Amino acid sequence: KEAVAALWSALVESGDLYLGAYEGWYSVRDECFYTEEELVDGNAPTGAEVEWVAESSYFFRLSRYRQRLEEHILANPDFIGPASRRNEVLAFMRDGLRDLSVSRTTFSWGVPVPGPPPPDGLSHVMYVWLDALTNYLTALGYPDTEAADFRSFWPASLHVVGKDILRFHAIYWPAFLMAAGLPLPKRVFAHGWWMNEGEKMSKSVGNVVDPVALVQRYGPDPVRHFLLSDVTFGADGDFSEKKLVESSNAKLANELGNLAYRTLSFTQKQCGGAVPAPDAFSEDDLQLLAEAAALLPQLRTHVDSMALHRYSQGVSGLASAANRYIDVQAPWALKKSEPARMRTVLYVLIEVLRHLALYSQPVTPRIGAALLEQLGVPEGGGRSFAAVGEGSALQPGQPLPPPRIVFQRIEEVDEAEGGGEAPPPAAALTAALTAAEEAALVAEVGAAGERVRSLKASGAGSEEVGGAVATLLELKARLPPDHELNAKPAKKKKSKAAKA
């Protein structure tokens, strides 16, 4: 309340508040006033219902700031993103801005307007967007502009907002700040909507996709990867569970997971389970190593420009290059004829995998961590972006853990036949387990196995034993397929004496 009251007082001091009367359409859901021209089929542009409101109100002189706002937007092309939203805001402002109602008298909830009672004798509370937007400042200690957090973090580097509330953040909020003599945020970026079969998701329509259920079904990494790679960030996207599965299988299981497993399993067999010592690098080797190290600045540029989808695409591009490299170099064909060349190729691939694991962490942290673990990179600085480049390269002779599949393929989803149903438990844990998670699961398997043996030894009923066996099998299914506990026991050969 103190911060909102301080901002209100600053607007009073600047001469930008006056008492008047408002009459027009208001949306309770959007907490926004709309003109007759803005209504679509009698509703707000967002589809929300509107009601006619007539009441006394304080107004903010928004019209006074149209030119300053336009000049700021034109002088700072990155102030509003993406470009389509910037153009949208400029188009809205082109015909001028109407003064904005910033108080209400028909309800009592909200922050009371500070100062002496108004001439109309009514109790005014602040219009919700004025106090809501002020929270950006409240969190940093405002109205104490000398507070450490305020001095460190304001102006904000970035506001990320939904496209339906862009006007409040790109027009009203900057105008409030200008009137109060406070600096503007450096950038406002509006993201789009996830649609479901072309329609905006809505509880009333019943087409909402539950993200928690998605994570429970597929694991967090596939969901994160799909949401950050399938659609241009800032644009609308049409959600499809089938697309999520296809993208995860193509990019995470095949492109990255298969590359890692075939490289590390071959290294385990041919190089004694250790990082091989390379010979002289060829031009192809140096080119791929350079591409891996040079990707980081490009990825940072993508993030800085809010092209988050390009981050995943950049990592995928490096994985594709590594897959082409292994197919062309064919280390399996070199193990007898050119073993030194084979070791060099494997070393290059392992180094590229290390970079892929580092770059994967922001989007798919579990997969990135699992791959770094397989490469023998301990937790700490070796897993940060500071380790990019040859300065932190794995050392020849360094032991490598037994290879595991870092990402299991997901069963294909047939959306036409109820694609929302969960796959079997084994498919639910699509991302590789960390070492700690695997150790805990192995302990559970051991305890479950001991219970089965104990029940059998005590002569327990078949139903009770069957339930314990089912629990054991379910736990084992959550382990990697190549784990030793999932290995089928070798059949014992009968001796000749036994046959006789």
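## Helices α9 and α12

Contact here means heavy atoms within 4.5 Å. The model under discussion is predicted. On that criterion, L256, L259, A260, T263, L264, F266, T267 and Q270 of helix α9 meet M342, L346, L349, I350, L353, L356 and S360 of helix α12.

Packed helices are described by the angle between their axes and by the distance between the axes. The axes of α9 (residues 241-270) and α12 come within 10 Å and cross at roughly 140 degrees. This angle makes α9 oblique to α12, since only values over 145 degrees count as roughly antiparallel. The crossing of the pair α9 and α12 is left-handed.

## E351 within α12

Helix α12 spans residues 339-360 and includes E351. The relative accessibility of E351 is 4%, so this residue counts as buried, the cut-off for that class being under 20%.

The side chain of E351 is joined to that of R354 by a polar contact of 2.8 Å. When residues up to four places away in sequence are not counted, E351 touches L289, G389, A393 and L394.

## The four-stranded sheet

Four strands form an open sheet in the order β2-β1-β3-β5, and their pairing is antiparallel. The edge positions are taken by β2 (32-34) and β5 (100-101); each has a single partner strand, so one side of each is left without a neighbour in the sheet. Helix α6 (residues 166-180) packs on this sheet and touches β2, β3 and β5, and its direction makes about 105 degrees with that of β2.

Strands of a sheet pair through backbone hydrogen bonds, in either a parallel or an antiparallel manner. Strand β3 (residues 51-60) and β5 run antiparallel and are joined by two bridges. In this pairing, F60 stands opposite L100 of β5.

The loop between β3 and α2 (66-75) contains S63. With a relative accessible area of 39%, S63 is partly exposed.

Residues S63 and L97 are 34 residues apart along the chain, yet their C-alpha atoms are separated by 4.7 Å. Leaving aside residues up to four places away in sequence, S63 touches L97 and D99. With D99 there is also a polar contact, side chain to side chain, at 2.7 Å from S63.

How values were computed. Residues are numbered from 1 along each chain as its sequence is written. This is a predicted model: local features need pLDDT of at least 70, side-chain atom pairs count only at pLDDT 80 or more; totals for chains, interfaces and linings use all residues. Side-chain values use heavy atoms; hydrogens and water are left out. Buried means under 20% relative accessible area, exposed over 50%, partly exposed in between (1.4 Å probe, protein chains only). A polar contact is a pair of N or O atoms within 3.5 Å; within protein, one must be able to donate a hydrogen and the other to accept it, and residues adjacent in sequence count only if both atoms are side-chain atoms. Two strands pair if DSSP finds at least two bridges between them. Axes are lines fitted to C-alpha atoms, for helices over the stretch in contact, and angles run from 0 to 180 degrees between N-to-C directions. Angles under 35 degrees count as roughly parallel, over 145 as roughly antiparallel, 65 to 115 as roughly perpendicular and the rest as oblique. A crossing is left-handed if the near helix is turned anticlockwise from the far one by less than a right angle, and right-handed if clockwise.
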